[in-house]
Amino acid sequence: MHRPEAHCPFCDLIHGAGEVSLCHEDSEALAFMDIQPVNSGHVLVVPRRHYESLEDLPPDLGRHLFDVVMKLGPVVRDVSGAEGMNIIVNSGAAAGQDIFHYHIHLIPRRAGDGFDVRLPFPESAMPDRQRLDAMAARIIAAMTDPAGATTRAAIPQRRSTDRATV
Ligand SMILES: [Zn+2]
């Protein structure tokens, strides 16, 4: 996973094959202008080394990439004159990842710009609280004991202050 991947457009860019408009560079990460921007100022933050998806990334590198996002975000917003920002990772083909070299989108947004991240999902039906609690319990179990996650699913105590919609 650490070698440049053949047929990876981002590895090609990182290794000098092709034009790229860099806006940040350090020993682990690059940031450059997306060539299909949602709005002017759309930036991609990528690791220098080839990792495909979120779960392939070493945690320290994932944190570093988000540090870069945190530094760039307000600057990109100001320079592009945006009113807000979407920070988006599409991890895996099912999630809409198109280039399989992990990348974080910084997308400057303006009201009425026509781009749409459809959250909350309009077709969503609110699950009942038992289903939400059960899924939360499965996640907690998997975090504690990944091997036993599928065999036990204790229901945690729910706080009485929980809001109905969260
Ligand atoms: Zn790559």
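Is Pro 74 buried or exposed? Pro 74 is exposed, with 10 other C-beta atoms within 10 Å. The legends below describe this residue and its surroundings in a predicted model.

**View 1. Overview of the chain.** The predicted chain holds three helices and five strands. Along the sequence these elements follow the pattern α-β-β-β-α-β-β-α. Of the 166 residues, 17% count as buried. Among contacts between residues at least 6 apart in sequence, 55% join residues at least 24 apart.

**View 2. The five-stranded sheet.** The strands form an open sheet in the order E1-E2-E3-E5-E4, with antiparallel pairing. Strand E1 (22-25) and strand E4 (84-88) stand at the edges; each has a single partner strand, so one side of each is left without a neighbour in the sheet. Neighbouring strands are turned by 15 degrees against each other on average, direction ignored. Strands of a sheet pair through backbone hydrogen bonds, in either a parallel or an antiparallel manner.

**View 3. Pairing of E1 with E2.** The antiparallel strands E1 and E2 (residues 29-33) are joined by three bridges. Glu 25 has Leu 30 in E2 as its bridge partner. Ala 31 touches Leu 22, Cys 23 and His 24, among other residues.

**View 4. Pairing of E5 with E3 and E4.** Three bridges connect E3 to E5, and the two strands run antiparallel. In this pairing Leu 44 stands opposite His 105 of E5. E4 and E5 also run antiparallel and are joined by five bridges. The bridge partner of Ile 87 in E5 is Leu 106.

**View 5. Helix H2 against the sheet.** Helix H2 (residues 59-80) lies across E1, E2, strand E3 (43-47), E4 and strand E5 (104-109), and runs at about 20 degrees to E5. Which residues of H2 are buried? They are Leu 65, Val 68, Val 69, Leu 72, Val 76 and Ser 80. The cover over these buried residues includes E1, E2, E3, E4 and E5.

**View 6. The bend in H2 and the end of the helix.** H2 has 22 residues and reaches 30 Å from its first C-alpha to its last, close to the 32 Å expected at 1.5 Å a residue. The helix bends by about 35 degrees at Leu 72, and Pro 74 follows within four residues. Pro 74 itself is found in H2. Because 10 other C-beta atoms lie within 10 Å of Pro 74, this residue counts as exposed, whereas Leu 72 is among the buried residues of the helix. Pro 74 and Met 85 are 11 residues apart in sequence, with their C-alpha atoms 8.6 Å apart in space. After H2 comes Gly 81, with a positive phi near 70 degrees. Most residues other than glycine have a negative phi.

**View 7. The largest nonpolar core.** The largest nonpolar core has 21 residues. Those with the most contacts inside this core are Ala 31, Val 43, Leu 44, Val 45, Val 69, Leu 72 and Leu 106. Helix H1 (9-14), E2, E3, H2 and E5 are the elements that give two or more residues to the core. H2 supplies the largest share, five residues. Around Ala 31, not counting residues up to four places away in sequence, the contacts include Val 43, Leu 44, Val 45, Val 68 and Leu 72.

**View 8. Surroundings of Ser 53.** Ser 53 lies in the loop between E3 and H2. This serine counts as partly exposed because 16 C-beta neighbours lie inside 10 Å. Not counting residues up to four places away in sequence, Ser 53 touches Ser 91, Gly 92, Gln 97 and Tyr 102. The C-alpha atoms of Ser 53 and Asn 90 are separated by 8.4 Å, although the two residues are 37 residues apart along the chain.

View 9. Leu 119 and Pro 120 are joined by a cis peptide bond, with omega at about -5 degrees. Most peptide bonds are trans. Pro 120 lies in the loop between E5 and helix H3 (129-144).

Technical notes
Residues numbered from 1 in each chain as written. Predicted model: local features only at pLDDT ≥ 70, side-chain atom pairs only at ≥ 80, totals over all residues. Pairing = 2+ DSSP bridges. Axes fitted to C-alpha atoms, helices over the stretch in contact; angles between N-to-C directions. Contact = placed C-beta atoms within 7 Å. Core = buried A, V, L, I, M, F, W, Y, C linked by C-beta atoms within 7 Å. Buried ≥ 20, exposed ≤ 12 C-beta atoms within 10 Å, placed from the backbone. Expected span 1.5 Å × (residues − 1). Bend = angle between axes of the 7 residues up to and from the residue.
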